[in-house]
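Have the viewer open as you read.

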Amino acid sequence: DLVIVDCYSNNMEIPPHLCSVEFFREAVGALAPGGFLMVNAAGFGFTDPVVDALGVTLAQAAGAEVLAFRVPFSRNCVLVARAGMPVPRPGTLGWDISGPVGESLLRSLEVPSAWKMYRPEVRDPEGIGAPLLTDDLNPMDQLQRASVSAGRQRWTVGA
């Protein structure tokens, strides 16, 4: 099984009801054991507030580690969860797709700065760190504005 969540409006706004712990639990629950859930996360790397919040939320919902990797030549990251099994880490056993396309694609994702693991953890009672997105409290619109603002700052600093 494979479920892909790639739902954006205006090319960068993810609807809050499609990025909550409750939604992700339902999506992972629809998978057969060993199935994958992949989420397109539009953001400027792993420190982006949108990517970070989606990563911690998906890990909490899946009850397991989530692999995040940067999409080369893009401002996107992909988050990968697996139903009932650990997600393979880049460069380890199980991290392979046979053939020249898989070999060339996966090799570039094995660079340490190209991926990150998010873990399901007990949340900080002070609320420090990325917010856990729920149906009752989901500040995705604020996170997206913060992401765009940070992206603009990077652009003007580098210009």
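## Rings and a charge

Rings of Phe, Tyr and Trp (its six-membered ring) count as a pair if their centres lie within 6.5 Å; planes under 30 degrees apart are called stacked, over 60 edge-to-face, and the rest tilted. With that rule, searching the whole structure turns up 1 aromatic pair.

There's a charge to look at too: Arg75 lies over the face of Phe44, at 4.4 Å from the ring centre. To count as sitting over a ring, NZ of Lys or CZ of Arg has to be within 6 Å of the ring centre and within 35 degrees of the ring normal.

## Ground rules

This is a predicted model, where local features need pLDDT of at least 70 and side-chain atom pairs count only at pLDDT 80 or more, while totals for chains, interfaces and linings use all residues. Residues are numbered from 1 along each chain as its sequence is written, and side-chain values use heavy atoms, with hydrogens and water left out.

## Overall fold

The chain has 4 helices and 5 strands, and along the sequence they follow the pattern β-α-β-α-β-β-α-β-α. Helices (H or I, at least four residues) and strands (E, at least two) are DSSP runs, numbered from the N terminus. Of the 159 residues in the chain, 41% are buried, where buried means under 20% relative accessible area, exposed over 50%, and partly exposed in between (1.4 Å probe, protein chains only).

## The sheet

The 5 strands make an open sheet with mixed pairing, in the order S1-S2-S4-S3-S5. At the edges are strand S1 (2-5) and strand S5 (115-118), each pairing on one side only. Two strands pair if DSSP finds at least two bridges between them.

Strand S2 (residues 36-42) and strand S4 (residues 76-82) run antiparallel and are joined by 7 bridges. Asn40 stands opposite Val78 in S4.

## Helix H1

Which residues of helix H1 (residues 21-29) are buried? They are Val21, Phe24, Ala27 and Val28. Seen down the axis of H1, these buried residues fall within an arc of 125° (taken from the directions from the helix axis to the C-beta atoms), so they line one face of the helix.

That buried set packs against S2 and helix H2 (49-62), with contact meaning heavy atoms within 4.5 Å. The face of H1 turned away from its buried side carries the exposed residues Glu26 and Gly29.

Phe73 sits in the loop between strand S3 (66-70) and S4. Phe73 isn't a glycine, yet it has a positive phi of about 60°. Phe73 is also exposed, with a relative accessible area of 90%.
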